[in-house]
Amino acid sequence: GGIRGVREAVVSTQSTGDFQQGSSRRLYTSVHERLFTLPEGFSVYPAHDYQGRTQTSIGEEKKYNPRLTKDIEEFTSIMDNLGLKYPAKIDVSLPWNMRCGPTEAEDAAILADIAANKPPAPL
């Protein structure tokens, strides 16, 4: 019994994903102090993997993740210099993600648009 796996946006199989607060140092610390303290065989179901890998384990990530196997200084240097574009809808989607979805008013507006057969408003 008990929890045997976790879905985690931070660990993208043998890579690393995004982090809500935008701090690579906090990302590294969170993964190493929270996720990497779980048992080696603990299953992880990454939320963002674009190569079709849907499951990994804490042990696999500790051993094979090319970024998370580095020390914190090298990790933060890699992450801070990826040169990623500012995501197009991050200003709307991030607050939703941080609070686990839209507010009641936003949700009501979305449902009203659906009921009226209107296309949803752009994010």
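View 1. Glu73 is partly exposed, with a relative accessible area of 47% (buried means under 20%, exposed over 50%, and partly exposed in between, using a 1.4 Å probe and protein chains only). Arg25 is partly exposed too, at 38%. The side chains of Arg25 and Glu73 meet in a salt bridge, 3.1 Å from N to O (a side-chain nitrogen of Lys or Arg within 4 Å of a carboxyl oxygen of Asp or Glu). Arg25 belongs to helix α1 and Glu73 to helix α3, so the pair ties together parts that are 48 residues apart in sequence. Helices here are DSSP runs of H or I with at least four residues, strands are runs of E with at least two, and both are numbered from the N terminus. A word on the model: it is predicted, so local features need pLDDT of at least 70 and side-chain atom pairs count only at pLDDT 80 or more, while totals for chains, interfaces and linings use all residues. Residues are numbered from 1 along each chain as its sequence is written, and side-chain values use heavy atoms, leaving out hydrogens and water.

**View 2. The start of helix α3.** Stay with Glu73 for a moment: its backbone nitrogen lies 3.1 Å from a side-chain oxygen of Asp71, which caps the N-terminal end of α3. This is a polar contact, a pair of N or O atoms within 3.5 Å; within protein, one must be able to donate a hydrogen and the other to accept it, and residues adjacent in sequence count only if both atoms are side-chain atoms.

View 3. In α1 (residues 24-33), the buried residues are Ser24, Leu27, Tyr28 and Val31. They cover an arc of only 95° around the axis, which puts them on the same side of α1; the arc is that of the directions from the helix axis to the C-beta atoms. In α3 (72-80), which is part of what covers the buried residues of α1, Phe75, Thr76 and Met79 are buried. These also span an arc of only 95° around the axis, which puts them on the same side of α3. The cover over the buried residues of α3 includes α1 in turn.

**View 4. A second salt bridge, Glu40 to Lys62.** The side chains of Glu40 and Lys62 meet at 2.9 Å, N to O, in a salt bridge. Glu40 sits in the loop between α1 and β2 (43-46) and Lys62 in helix α2 (residues 58-64), so the pair ties together parts that are 22 residues apart in sequence. Glu40 is partly exposed at 46% relative accessibility, and Lys62 is partly exposed at 32%. The count of salt bridges comes to two.

**View 5. Ser57 in strand β3.** Ser57 lies in β3 (residues 56-57) and, at 10% relative accessibility, counts as buried. The Ser57 side chain reaches the backbone nitrogen of Glu60 at 3.0 Å. Leaving aside residues up to four places away in sequence, Ser57 touches Glu40, Gly41, Phe42, Ser43 and Val44, where contact means heavy atoms within 4.5 Å.

**View 6. Ile110 on helix α5.** Ile110 has its place in α5 (residues 104-115), and is partly exposed, with a relative accessible area of 30%.
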